[in-house]
Amino acid sequence: MKQSNQAYLYGIGAICLWSTVATAFKLALAHLSPLQLVFIAVLTSIFALGLILTAQRKLNLIKQQFSQRPLFYLQTGLLNPFLYYLVLFKAYDLLPAQQALSLNYTWAILLPLLSVPLLAQKLRKSDITAAVIAYFGVFVIATNGELTGFSFESGTGVMLALTSTLLWSLYWIINTKDKGDPVVSLLLSFLVGFPFILGTLLFTQALPSWNFQAFAAGIYVGLFEMGVTFVLWLVALKKADRTASISTMVFMSPVMSIGFIAWILQEEIATSTYIGLSLILTALALQQLLPHLNKLRSKAPTSGESV
């Protein structure tokens with residue numbers, strides 16, 4: 001099989017798995033607190049990533065990469081998994097899955113906006129256009145379409161969902177400076193973040209008591225939100241002839257996720273969710289397409305030039 005075809009298979013596999021995790025979050029949170037879910041999922045992901053690195057014969061890189069930049073991994077570990085997933089799962093605990101899912105996808109809009117002050121990148125008109133459209137979609141979803149009433153089902157949940165996008169964006173901005181193996185770096189972030197998760201859990205709550213459904217959902221989240229799926233996506237990007245052709249597949253994920261939420265969780269999908277999510281996806285598409293269209297226009301011959 002051609003590498004490009006393999007890339008699509010790995011990419012589709014990753015997207016399909018990611019599309020199920022919003023449903024898994026809600027199923028697990030019916031039995032666990034957000035912090036308990038973070039504990040089970042991260043512990044599962046540590047074991048899964050450890051096994052993957054063992055199969056790849058890269059375990060020796062763990063000590064090597066950490067010794068080179070311990071403070072870097074302290075930063076990434078605090079952001080992801082500790083703060084990001086704690087905030088994200090609390091948002092899912094307070095909001096319908098369809099709302100939390102849609103709001104969380106705006107991280108891709110926020111990322112280039114934060115890159116301007118933090119990475120000294122230029123702000124493009126396409127980023128501003130995308131942000132305006134996307135955050136109008138956020139407003140539609142957050143108010144359940146009651147645009148003039150400012151009626152939020154859970155203002156705290158909305159703020160937490162949007163805060164999760166800030167934390168996730170900061171994590172990826174910091175990671176632009178990482179030159180190490182990405183799977184090793186992810187495992188190191190989880191290893192450094194786990195003691196903070198465990199300490200906070202023991203200090204504020206208690207270890208989760210045995211419940212098969214809760215642990216099964218938590219393990220599923222650890223495998224297919226944090227661990228295995230991340231590796232599948234990296235392989236897909238590595239094998240792809242053009243990264244852009246794989247990256248655009250991400251647009252499938254929220255649409256498929258809404259289907260799983262309606263089917264398994266039996267949530268009635270609100271019209272405002274469809275409208276708001278459509279606006280967010282439109283913004284993401286414009287963010288990708290407008291720069292390419294502008295390049296084509298700049299290369300096009302003027303009326304006085306020969307074609």
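1. Contact here means heavy atoms within 4.5 Å. By that criterion, and leaving aside neighbours within four places in sequence, D127 is in contact with P112, L113 and Q287. The model is a predicted one.

2. D127 belongs to helix α7, which covers residues 125–142. Its relative accessible area is 2%. Buried means under 20%, so D127 is buried.

3. T273 sits in helix α13, which covers residues 271–299. With a relative accessibility of 2%, T273 also counts as buried.

4. What does T273 touch, not counting residues up to four places away in sequence? The residues are Q98, S102, I141 and I258. With Q98 there is also a polar contact, made between the side chain of T273 and the side chain of Q98 at 2.7 Å.

5. Helix α10 runs over residues 212–239, a total of 28 residues. At 1.5 Å a residue, α10 should span 40 Å. The C-alpha atoms at its ends are 38 Å apart, which agrees with that expectation.

6. Where is the kink in α10 centred? The kink is centred on T229, and its angle is about 45°. A reader checking the end-to-end figure of 38 Å for α10 should look at T229 as well, where this kink is centred.

7. The N-terminal end of α10 is capped by N211. A side-chain oxygen of N211 lies 3.1 Å from the backbone nitrogen of Q213.

Key. Residues are numbered from 1 along each chain as its sequence is written. This is a predicted model: local features need pLDDT of at least 70, side-chain atom pairs count only at pLDDT 80 or more; totals for chains, interfaces and linings use all residues. Side-chain values use heavy atoms; hydrogens and water are left out. Helices (H or I, at least four residues) and strands (E, at least two) are DSSP runs, numbered from the N terminus. Buried means under 20% relative accessible area, exposed over 50%, partly exposed in between (1.4 Å probe, protein chains only). The expected span of a helix is 1.5 Å times one less than its number of residues. The bend at a residue is the angle between axes fitted to the seven residues ending there and the seven starting there. A polar contact is a pair of N or O atoms within 3.5 Å; within protein, one must be able to donate a hydrogen and the other to accept it, and residues adjacent in sequence count only if both atoms are side-chain atoms.
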